[in-house]
Amino acid sequence: MTLLFSYGTLRQSEVQLTTFGRELAGADDAIVGYQLDWVTITDPHVIATSGSDRHPILKPGTAADSVPGSVFEITDAELAAADEYEVDDYRRVEVPLRSGKRAWVYVFAG
């Protein structure tokens, strides 16, 4: 199993169903060293799935910064499926969580 951290739309059950075909069981955690910002999405498919054109994004911050969210256990195949839904301005990186675990997360690359 692979850990995936979400701070935004992937926490919504309809986005999980569209992306993975199932609802995910998650645990509260936080990503350390990042700040939350917002971006406007123009992709109609993403807007239809999430219900919004405004999406949160992560940007590198200081060691004192953290962003709350959920950590999910998914398969490698599900992680690959999540990669297909990400837009060009995002990249997947492995990051430390407050719990001491490490998880994949999508961060703003633009």
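Student: What makes a set of residues here the largest nonpolar core, and which members touch the most others?
Tutor: A nonpolar core is a set of buried Ala, Val, Leu, Ile, Met, Phe, Trp, Tyr and Cys residues joined through side-chain atoms within 4.5 Å. The largest such set has 29 residues, and Phe5, Ile31, Leu58 and Val105 touch the most other members. Strand S1 (2-6), helix H1 (13-20) and strand S7 (102-108) are among the elements that give two or more residues to this core. S7 has the largest share, with five residues. Keep in mind that this is a predicted model, where local features need pLDDT of at least 70, side-chain atom pairs count only at pLDDT 80 or more, and totals for chains, interfaces and linings use all residues. Residues are numbered from 1 along each chain as its sequence is written, and side-chain values use heavy atoms, with hydrogens and water left out.

Student: Why is Val15 called buried?
Tutor: Buried means under 20% relative accessible area, exposed means over 50%, and partly exposed is in between (1.4 Å probe, protein chains only). Val15 comes out at 8%, so it counts as buried. You'll find Val15 in helix H1.

Student: And why is Leu36 called partly exposed?
Tutor: Its relative accessible area is 41%, so Leu36 goes into the in-between class. Leu36 belongs to strand S3 (residues 34-40); strands are DSSP runs of E with at least two residues, helices are runs of H or I with at least four, and both are numbered from the N terminus.

Student: What does Leu36 contact, leaving aside neighbours within four places in sequence?
Tutor: Contact means heavy atoms within 4.5 Å. With those neighbours set aside, Leu36 is in contact with Tyr7, Pro56, Ile57, Leu58 and Val67. For Ile31, leaving out residues up to four places away, the list includes Phe5, Leu58, Val67 and Val105.

Student: How do you know that the size of the protein agrees with a compact globule?
Tutor: The radius of gyration is taken over C-alpha atoms, and the globule rule is 2.2 Å times the number of residues to the power 0.38. For 110 residues the rule gives a value near 13 Å, and the protein has 13 Å, so the two agree.

Student: What pattern does the protein follow along the sequence?
Tutor: Reading along, you get β-α-β-β-α-β-β-α-β-β, with three helices and seven strands.
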